[in-house]
Amino acid sequence: MSSVAPHHSQRLRVLWQRLSEPTLVRRSVASVMVAFVLVWAVLLGYNYLKYKQAITYDPGMLKYGDAVLESLADLPDASHAAAALASTDHWTNVRRRQTGLLPGALMHELRDGASGRLVYAASGLQGMDLQPPRDHAGSSLTETTVQGQPYRIYAGRNARWTLRILEPKRPDADYLHYNGRTLVPYLLLAAPFVLLPVWLSVRNGLRPLQQLAQRIAQRSSDELQPVGFDARHRELKPLEQSLDALLARLRQKVERERAFVQDAAHEIRTPLAVITAQAHVMARSQSADERTEAQAHLEQAIARTSHLAQQLLDLAALDEAQRPAPRDMDVAQWLRAALAQAAPAAMAQRIELSLDAPDSVPARLDATALESVVHNLIDNAVRYAQAGGSVAVGLRRGSGMLHLSVQDDGPGIAPAERGKVFERFYRGTGHAANGSGLGLAIVRQAARRMGGQVQIGDGLNGQGVGFFVSIPLPRPA
């Protein structure tokens, strides 16, 4: 018994989870049920409006009263007329109770037309404080309240008799309650004939989607080829195309990451080999000059490895989906500080640094990405410029964009190589400077993260090369 109870409880829990799990089929059926409720409400409102019109201009009550009055016209004797009206009263209310459509009972009152003497009055009229009937020809239908109860009153007169008929007025709440219940069976009868086709159509409509989901679930985690699902339905074609496009982007990303890892390993292996060799020379050489030279090569290799590692970390940070919040900064002042940091390296090579920028350029930017753009562009310009050359940095703001340029008058980049300089680990030919080939790749990635772009163009005085970065600025709130 102790093992059966937990098993039963687990089955109930699984069943409840399955029933409570949202499904498109159940959602569609629920939508149809809501439509049924709306139809019920509309029909009830329509019937209510028709009912209000009917009780306001009710020819049925007038016709009934006129017919009773006409049937009494040939009975001049009061006792005969009273007996006939009593029989009519009894029969009418019996039928009224049998149908159950209307509340209360009709109450008839007959008086002598000449003297006004009461000839017959229904038992329900006893004790009622009624106004005497109006002395006018013809028939009429009015509404009044007697002892807190609303009534419709028929009043008719002919040459012999005066007839009044009181009918309790049905409260609106009672009418709505009764008719609301009356409509429910019809809707329940129609529900299976509507819900079943809807359920079948939704279930059949979702079958291709389930087949697509099964095909994707059966794929291995490293399979990034197109889904290969022949979507015949118009609604599924965008989903299949989006999945294939997503898989294509993932394939490209995986291929880039694989090539990136291989290139990174190759780039790191070279300075590590230098470090190993120079460390061996320092440990084994008896010459002080050889050890000094080996130490210099060792320090260069360590610096190159450190620089490469930092650039790899910068690229990894720029590739992350989570981005730091932009902050308010004065780009012009910040750029002056960045140039001050690069000044010692430029002075060592007798390179002139210049800045063309306004005194202040306030903006709200991703400071980390902007720093990656500026530092790598200036570092590249100083690294590859010729001794005694110039590097010009420009900054301006216009048309909702921030424009940054870095130009030099060095050897430049051949037109055939300009399309490749932004690739990772690509290093152009025709210069002797050492580099990792990651600087411009970092610049492009950082510019993209800020929603901007970088372009390559001409340098200074028809020489060298220039890089032009455009960054969109957020609109002020």
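Let's start with helices H9 and H10, where H10 covers residues 439-449: they pack at an angle of about 150°, and their axes are 8 Å apart. By axes I mean lines fitted to C-alpha atoms, for helices over the stretch in contact, with angles running from 0 to 180 degrees between N-to-C directions. The helices themselves (H or I, at least four residues) and the strands (E, at least two) are DSSP runs, numbered from the N terminus.

H9 and H10 are therefore roughly antiparallel to each other. On that scale, angles under 35 degrees count as roughly parallel, over 145 as roughly antiparallel, 65 to 115 as roughly perpendicular, and the rest as oblique. H9 passes H10 in a left-handed crossing. A crossing is called left-handed if the near helix is turned anticlockwise from the far one by less than a right angle, and right-handed if clockwise.

Which residues of H9 meet H10? On the H9 side they are Thr-368, Ala-369, Ser-372, Val-373, Asn-376, Leu-377 and Asn-380, and they meet Gly-439, Leu-440, Ile-442, Val-443, Ala-446, Ala-447 and Arg-449 in H10. By class, this contact of H9 with H10 has eight nonpolar, five polar and one charged residues. Contact here means heavy atoms within 4.5 Å. As for the classes, Ala, Val, Leu, Ile, Met, Phe, Trp, Tyr, Cys and Pro count as nonpolar, Asp, Glu, Lys and Arg as charged, and the others, Gly among them, as polar.

A quick word on what you are looking at. This is a predicted model, in which local features need pLDDT of at least 70 and side-chain atom pairs count only at pLDDT 80 or more, while totals for chains, interfaces and linings use all residues. Residues are numbered from 1 along each chain as its sequence is written, and side-chain values use heavy atoms, with hydrogens and water left out.

Now stay with H9 and turn to another partner. Helix H8, residues 331-348, packs with H9, residues 367-384, at an angle of about 35°, and their axes are 10 Å apart. H8 passes H9 in a right-handed crossing. In H8, the residues in contact include Trp-334, Leu-335, Leu-339 and Gln-341. Their partners in H9 include Leu-370, Glu-371, His-375 and Ile-378. Sorted by class, the contact of H8 with H9 has twelve nonpolar, two polar and one charged residues.

Is Arg-350 buried or exposed? Arg-350 is exposed, with a relative accessible area of 59%. The cut-offs are these: buried means under 20% relative accessible area, exposed over 50%, and partly exposed in between, using a 1.4 Å probe and protein chains only.

Asn-461 also deserves a look. Asn-461 sits in the loop between strand E11 (453-458) and strand E12 (465-472). Here phi is positive, about 55°, although Asn-461 is not a glycine. Asn-461 is exposed, with a relative accessible area of 75%.

Let's go back towards the start of the chain. Helix H3 (residues 59-72) and helix H4 (residues 78-99) pack at an angle of about 150°, with axes 10 Å apart. H3 and H4 are therefore roughly antiparallel to each other. H3 passes H4 in a right-handed crossing. From H3, Tyr-64, Val-68 and Leu-72 meet Ala-81, Ala-84, Leu-85, Thr-88 and Thr-92 in H4. That contact divides into six nonpolar, two polar and no charged residues.

Next, two residues with partners further along the sequence. Phe-36 is found in helix H2 (residues 24-56), and at 14% relative accessibility Phe-36 counts as buried. Phe-36 and Leu-188 are 152 residues apart in sequence, yet 9.2 Å apart in space, C-alpha to C-alpha. Leaving aside neighbours within four places in sequence, Phe-36 is in contact with Leu-187, Ala-190, Ala-191 and Val-194.

Ala-301 belongs to helix H7 (residues 288-319) and counts as buried at 7% relative accessibility. Ala-301 and Pro-271 are 30 residues apart in sequence and 5.1 Å apart in space, C-alpha to C-alpha.

Finally, the whole protein. It has ten helices and twelve strands, and of its 477 residues, 32% count as buried.
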